[in-house]
Amino acid sequence: MENESTRVIGYYVTEKKNAKMNWSEFGNVCRNHGFSLMKVNLQESLEKQGPFFAIIHKMTEVILKASSGDLEATAALENVESYIKSHPEVIVVDPLDGVRSLMDRSRYYRIVQNSDLAEDKVFTPTFVDLTSTDLNENLQRLNNAGVTYPFICKPSVSHGSDAHQMAIVFNEEGVADCRPPCVAQSFINHNAVLYKIYIVGDDFNVSERPSLKNFAPSGAKTIFFTTSDVSKPDSRSSLTVLDPKDSAVAPPSDLDVQRLQHIVSTLRRELGMLLLGVDVVIEHASGRFGIIDVNVFPSYEGFPNFFETLMNYILDIAAKRLGTIKKSRKLSDDAADTSAKKYEKLKHHETNSQNLSQLVAEPKLLSVVKTNSLECDQDDSGFDTSDSSDERKKKWCIARGRGDQSRRPTHQLEEIFTPSEDSPATLNDNCVRTGLGEV
């Protein structure tokens, strides 16, 4: 019997992000897969709005306001956390702990720093937290950490209206221009080219954007800028124009796809996230890949078949959970087989078989998962991702690092029930509670 309660996918995003993304398109994708899409009201009980098969969200603004003591945001956050805790079967994209990690720049820089990416010439530039307004203390912290000039001064919190207001500091005198709490990160010359990686699971799309030109330590005054002003596809900022001497020697950018795959798989593993945006530059002097920002649920403009890809990964998660259930039942069946063998042995020795026959268990459920896999914004990081005809913009579409993004994985979940005569309702209820019984 079909259970409609397991077929609802809820989503929550800000009005700004809602306007940027065509959620009606996702509604069509959901219907094509037998689900309905519903926008979640965080001010009302999720118990009354649900149950949900999955919840997709970008709650960075709610988390930020709650951390500042906003009562309405705190209540909304508690509402969501309580529902998730009470319903572990619900697929959440993405975990709130992972979102919190990506709202703290120094936190995710440390995650990159402590990963195995360095073995593949991937790094995050040297950084340090500046939390004091005392100039001498900050100078000491910069020196102890090995941060070099020039460096980029970024707000510690990577989300909010001020998150994209940054500064280039060229010398010790300019340190007074830093506005704590902030992160000071050594600037690396990268020939004014930024690569934005948009990640959905193991699939990723890469776009090239303008970026800051090459700089050297000097007596220049601090330069203040907003990231969107220098990284839009059609940016005409003077900060993105290479000096003649750099233009003459700047080699063409070498986009190593295998290295990009390593970045994607590592960050997915370390952060436990499905939806990520990563800003990467290639160091001019060494060719190393520098990760300078990681973002929650970016805009995905220009990502082919984004909503279909997202749905496929939600079904992937469901399939894996169903596989776990199948495996646990297989273990139970193995135990039953063992009991049966013991029973037969005891019968052979003329023990009382009447009572022992109760040990023999019949398999109650067979679950089969079929998967056919083909080979294949300023709102977020501050780097606008809108499309443009500007000749400086280049885009690559990579599906699992194997080429054509249009060749999407397809999924089919099938459950074959073989219930015992005495307990079909119990078995079906167990499946429904997992949120997988009617996929």
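Phe306 is buried, with a relative accessible area of 5%. The model described here is predicted. Phe306 is in contact with Met21, Val200, Leu275, Phe297 and Tyr300, leaving aside residues up to four places away in sequence.

The largest nonpolar core comprises 79 residues, and Phe306 is among those with the most contacts inside it, together with Phe26, Ile263, Ile291 and Phe297. Helix α12, spanning residues 306–348, gives the most to this core, contributing eight residues. A second, separate core has twelve residues, including Phe151, Cys153, Val175 and Cys178.

## Aromatic pairs

The structure contains 18 aromatic pairs. In one of them, the ring centres of Phe170 and Phe215 are 5.5 Å apart and the planes stand at 75°, so the pair is edge-to-face. Phe170 belongs to the loop between β8 (165–169) and β9 (182–186), and Phe215 to the loop between β11 (203–210) and β12 (223–226); the pair therefore ties together parts that are 45 residues apart in sequence. Phe170 is buried at 5% relative accessible area, and Phe215 is buried at 14%.

Phe297 and Phe306 form a tilted pair, with 6.4 Å centre to centre and 40° between the planes. Phe297 is buried, with a relative accessible area of 2%.

## The surroundings of Asp94

Asp94 is located in the loop between β4 (91–93) and α6 (96–101). Asp94 is buried but has no salt bridge, and the nearest side chain of opposite charge, Arg268, is 6.4 Å away. The Asp94 side chain reaches the backbone nitrogen of Leu274 at 2.7 Å. Residues touched by Asp94 include His57, Val99, Gly272 and Met273.

Terms used: Residues numbered from 1 in each chain as written. Predicted model: local features only at pLDDT ≥ 70, side-chain atom pairs only at ≥ 80, totals over all residues. Heavy atoms only, no water. Helix = DSSP H or I, 4+ residues; strand = E, 2+ residues; numbered from the N terminus. Buried < 20%, exposed > 50% of the residue type's maximum accessible area, 1.4 Å probe, protein only. Lys, Arg positive; Asp, Glu negative; His and termini not counted. Salt bridge = Lys/Arg side-chain N within 4 Å of Asp/Glu carboxyl O. Polar contact = N/O pair within 3.5 Å; in protein donor to acceptor, adjacent residues only side chain to side chain. Contact = heavy atoms within 4.5 Å. Core = buried A, V, L, I, M, F, W, Y, C linked by side-chain atoms within 4.5 Å. Phe/Tyr/Trp six-rings, centres within 6.5 Å; stacked < 30°, edge-to-face > 60°.
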